[in-house]
Amino acid sequence: RLQKLPGSLPGAASWICGGLQHTCALSEGQVFSWGKAERCGLGLSEKAPPVLKPRKVEGLPTISSIRSSDHHVLACAEDGSCLVWGEGQMYQLANRPRDVDNPTDNEEEPNDELQA
């Protein structure tokens, strides 16, 4: 059965995407997310409670497009920058090495991402 999304967006959604446990919508340059925070696809910590209605992802510039995979989200800003958040175990967050001038951590296990 179809149902109307609880809560509201500031305007019409221009794009919607989803992962295994989260959904995102783009509305008037802002990203909204809802679902289960378990693997951080909502832009929250993994221990955050489920989000049952659209919640603005804070700290983003004006966004022109979004895409999502199982446990991460990618956003393209109007200024041309790309942002990504979520689980980065397979380097999909472009998180290795953390310091490109000194890539000594390239093979280390991440301590700021979820451990399987």
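**Strands, pairings and a buried serine**

Me: Which residue stands opposite cysteine 76?
Reply: That's cysteine 82, in strand 7. Strands here are DSSP runs of E with at least two residues, helices are runs of H or I with at least four, and both are numbered from the N terminus.

Me: What kind of model is this, and how are the residues numbered?
Reply: The model is predicted, so local features need pLDDT of at least 70 and side-chain atom pairs count only at pLDDT 80 or more, while totals for chains, interfaces and linings use all residues. Residues are numbered from 1 along each chain as its sequence is written, and side-chain values use heavy atoms, with hydrogens and water left out.

Me: Good. How many bridges join strand 6 to strand 7?
Reply: Five, and strand 6 (residues 72–77) runs antiparallel to strand 7. For two strands to pair, DSSP has to find at least two bridges between them.

Me: What sheet are they in, and in which order?
Reply: They belong to an open, antiparallel sheet of three strands in the order 5-6-7. Strand 5 (63–68) and strand 7 (82–86) are at the edges with a single partner strand each, so one side of each has no neighbour in the sheet. On average, neighbouring strands of this sheet are turned by 20° against each other, direction ignored. The axes behind such angles are lines fitted to C-alpha atoms (for helices, over the stretch in contact), and angles run from 0 to 180 degrees between N-to-C directions.

Me: Zooming out, how many helices and strands does the chain have?
Reply: Zero helices and seven strands. Along the sequence that reads β-β-β-β-β-β-β.

Me: What does the sheet of four strands look like?
Reply: That sheet is open and antiparallel, with the order 1-2-3-4. Strand 1 and strand 4 (51–56) are its edge strands, each pairing on one side only. Its neighbouring strands are turned by 15° against each other on average, direction ignored.

Me: What lies over the face of tryptophan 15?
Reply: Arginine 67, at 4.2 Å from the ring centre. A charge sits over a ring if NZ of Lys or CZ of Arg is within 6 Å of the ring centre and within 35 degrees of the ring normal.

Me: New topic: serine 27, buried or exposed?
Reply: Buried, with a relative accessible area of 0%. Buried means under 20% relative accessible area, exposed over 50%, and partly exposed in between (1.4 Å probe, protein chains only).

Me: Which residues does serine 27 touch?
Reply: Leaving out residues up to four places away in sequence, serine 27 touches Leu9, Pro10, Gly11, Ala12, Ala13 and Phe32; a contact means heavy atoms within 4.5 Å. The C-alpha atoms of serine 27 and alanine 12 are 5.9 Å apart, though 15 residues separate them along the chain. The serine 27 side chain also reaches the backbone oxygen of glycine 11 at 3.0 Å and that of alanine 12 at 3.4 Å.

Me: What about histidine 22, buried or exposed?
Reply: Histidine 22 is in strand 2 and counts as buried, at 4% relative accessibility. Its side chain makes a polar contact of 2.8 Å with the side chain of serine 68. A polar contact is a pair of N or O atoms within 3.5 Å; within protein, one must be able to donate a hydrogen and the other to accept it, and residues adjacent in sequence count only if both atoms are side-chain atoms.

Me: Last one: where is glutamate 28 found?
Reply: Glutamate 28 is in the loop between strand 2 (22–27) and strand 3 (30–35). Glutamate 28 is exposed at 56% relative accessible area, and has a positive phi of about 50° although it is not a glycine.
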